[in-house]
Amino acid sequence: MITRTQADRRWRRVFLIVGGVVAAYALLAPLTSLDAAQAANIPLLADRLWFRIATFIAMFVVMATAWNLIGGITGYAAFGNVAFFGIGAYTTGMLIAKAKWPFLLALPVAPVAAALFATLVGLPLLRLRGHYFAVASLGVGVAVGELVQNLDFRGQPMFGGATGLFLPIYAVPDRDLFFFYLMVLAAALSIAVTWWVLRSRFGYGLIAIRENEEAAAVIGVNTTLYKVAAFTLAAALTGLAGGIFSQWNVFINQDNTFPIEYNVQMILMALLGGTGTVLGPAAGAVLLELLIQFLGGSLPISFEIPLVSDAARPIVAQVMLGVLLVVVVMFVPRGVIDLFGGRTRLGWAYLRRSLRETSL
Amino acid sequence: MADFVQLVILGLLAGGIYVAVGVGFSLVWGVLNIVNLAHGALVIVGGYITWQLFAALHIDPFLTLPVDAVALFVLGYALQRGVINRIIRAPLLFTFLLTFGVNLVIVNILLLIFGSDYRSVTPAYSGQGLELGTIVIPYVPVISLGVAILLATLLALVLNRTRIGLAISAIAADRDAAQLVGIDLRHAYAVTYGLGAACAGVAGGLIAMIQAVTPTAGEPYTLQAFVVVILGGLGRVSATVVGGLAFGLVEAFGQSIPGSGSVFANAIAFGLMVIVLVTRPQGLLGRLR
């Protein structure tokens, strides 16, 4: 038994070291594109494509980690968090494009707007449970996107309408680097917030709500306040990512700020990594986004799918994503982080047990 | 006044589609406790079958509906037996994600097979209607409404009169007790999902006649089916019929508000749903369970 624990501890250490090395590389490689580094003849380790993918990964780390606050820790299956992303993006976008605010002043408004909205809709929605909450939040996500695209004010589209909203390009040296690190900062912030929540009285209250809401209320947890606070916190972080996205991408419309797939992707990421943990959703976001890009063929390291033409490639990638979704849900319901927790090991027995636990 | 009557008629006719979409969704949710996010994809599979039979063999679209039902029943049965049954005891988030994954697979396979072209089913009588003074009653939606009511009636008969239907009702009431009296849960669950899918297939056949079929055209119907079930109340076929018709009416009147057009259909639907959920969670006709 003792040797078993030691072996597991060793595995865990290996996992942490590998993760740390990968993270350090991902964070430092972009610096090689700086002029100073190029002048010093340091080889270029990251090109523009990598920047874009890495920034997207950081963005999904924020969203998955934020979703974890309400979905993983509080246990409320929010399916419409993309609304907060879109609200954040449009808040910053409108302030910059229409009110001519500078970016750094407009950015902090994004999380505030998303949080306000979350408080407003959270009060009625969080009275619902289970399926009802999940689909009602999904409905809010869809409805907000539709309103943003279609609302008119004196005959003019209020938020740019179907053509979308163009932002002036933010003049900053090494723009790609700037937005990459800004997004990484947001990701670090969301992880830090989760870390803090899980160690606070607030977090214990949320976990109590997840395990048994009536019992939590009986022992004196103000369940409404806690739930709305968790929802609001998740919204603020997601809105921040949206705000950064709007200036980074320069162009926003309903399709790129309110995609329904993001709802599912952030949940799948959290699930893949392990819900309710600090680093799980982040790990899941990195894994899944890399996988999606890999399947889609946009990574520098790519592969040929036999019998599939280039045109059909993105569609086949979606099919594979769907199959992956099904497989993860069926076989790895506690996330890959469960395998590094010290108690379980990947093998046929694990997969069969996972299947049997939930099967009819 | 004539406008008002016309709106009511159009609303009820549109409601027929929502009844057809809603009954299968309601059955699966009520009995299996699954919010089936693949429902819209199953609907559109039915639409493609009708289109294929109409375009290739020139079969009248209404006559293709039984084919839709049988094909989708088989698909649904296999899906439940092979995949969904295996995670049926997992938390709701998992069934949500699983059915979304199934949705993704079906939609993209349809994209591979049929491409993203618009396919429409236009029999000779489509676009025609009965004119009563200033009021027009289009033929296809009227027949569709009839088919939808027939579908709901058949489903209610199956659930209340047949052995397997009674077994399904027993499961909905108390799963463990149902198992104790010897009901084969795996089979009964698969039949339930198959029936739900069959209803979706018929709904898809009806939808193919009133709008263009594309692989992604089914997605709004998943959400609308949910709203219909919330409106009517979970658990009874008749409640879904009322919910579907009510939803059609609300949509018709919502779209007639000047300046709104059809673009706010989802926003209106979900606004309505949230109001109903918060004020009357058991639905218009539902019982608290």
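## Where the two chains meet

Let's start at the interface: 37 residues of chain A are in contact with 38 residues of chain B, two residues being in contact if their C-beta atoms, placed from the backbone, lie within 7 Å. On the chain A side, α7 (130-150), α13 (260-273), α15 (313-331) and α16 (348-358) each supply at least two residues. Helices here are DSSP runs of H or I with at least four residues, strands are runs of E with at least two, and both are numbered from the N terminus. The most comes from α7(A), with 13 residues.

By class, this side of chain A has 27 nonpolar, 8 polar and 2 charged residues. Ala, Val, Leu, Ile, Met, Phe, Trp, Tyr, Cys and Pro count as nonpolar, Asp, Glu, Lys and Arg as charged, and the others, Gly among them, as polar.

## About the model

This is a predicted model, in which local features need pLDDT of at least 70, side-chain atom pairs count only at pLDDT 80 or more, and totals for chains, interfaces and linings use all residues. Residues are numbered from 1 along each chain as its sequence is written, while chains are lettered from A and ligands numbered from 1 in the order in which they are written.

The pLDDT (the predictor's confidence in each residue, from 0 to 100) averages 84 in chain A, and 87% of the residues score at least 70. Where pLDDT is low, the predicted coordinates should not be read in detail.

## Chain A in outline

Chain A holds 16 helices and 4 strands. Of its 360 residues, 46% are buried; a residue is buried if 20 or more other C-beta atoms lie within 10 Å of its own, exposed if 12 or fewer, and partly exposed in between, with C-beta atoms placed from the backbone. Among contacts in chain A between residues at least 6 apart in sequence, 74% join residues at least 24 apart.

The domain assignment of chain A gives domain 1 (1-45) and domain 2 (47-260), with bounds from an automatic or database assignment. Taken over C-alpha atoms, the centres of these two domains are separated by 29 Å.

## The nonpolar core

The largest nonpolar core has 215 residues, and those with the most contacts inside it are Val62(A), Met63(A), Ala20(B) and Leu97(B). Such a core is a set of buried Ala, Val, Leu, Ile, Met, Phe, Trp, Tyr and Cys residues joined through C-beta atoms within 7 Å. Helix α8 (residues 185-210) of chain B brings the largest share, 16 residues. Leu97(B) reaches across to chain A, where the residues it touches include Val264(A), Ile267(A), Leu325(A) and Val329(A).

Ala200(B) lies in α8 of chain B and counts as buried because it has 36 C-beta neighbours inside 10 Å. Beyond four places in sequence, its contacts include Gly24(B), His39(B), Leu42(B) and Leu72(B).

## One face of a helix

In helix α6 (residues 163-173) of chain B, the buried residues are Ala167(B), Ile168(B) and Ile171(B). Seen down the axis of α6(B), they fall within an arc of 100 degrees, so they line one face of the helix; the arc is that of the directions from the helix axis to the C-beta atoms. Among the elements covering these buried residues are α1 (2-32) and α5 (139-161) of chain B.

## Two loop residues with positive phi

Lys100(A) has a phi near 60 degrees, a positive value in a residue other than glycine. Lys100(A) sits in the loop between α4 (82-97) and α5 (103-106) of chain A, and is exposed, with 9 other C-beta atoms within 10 Å.

His58(B), also not a glycine, has a positive phi of about 55 degrees. His58(B) is in the loop between α2 (39-57) and α3 (65-82) of chain B, and is exposed, with 8 other C-beta atoms within 10 Å.
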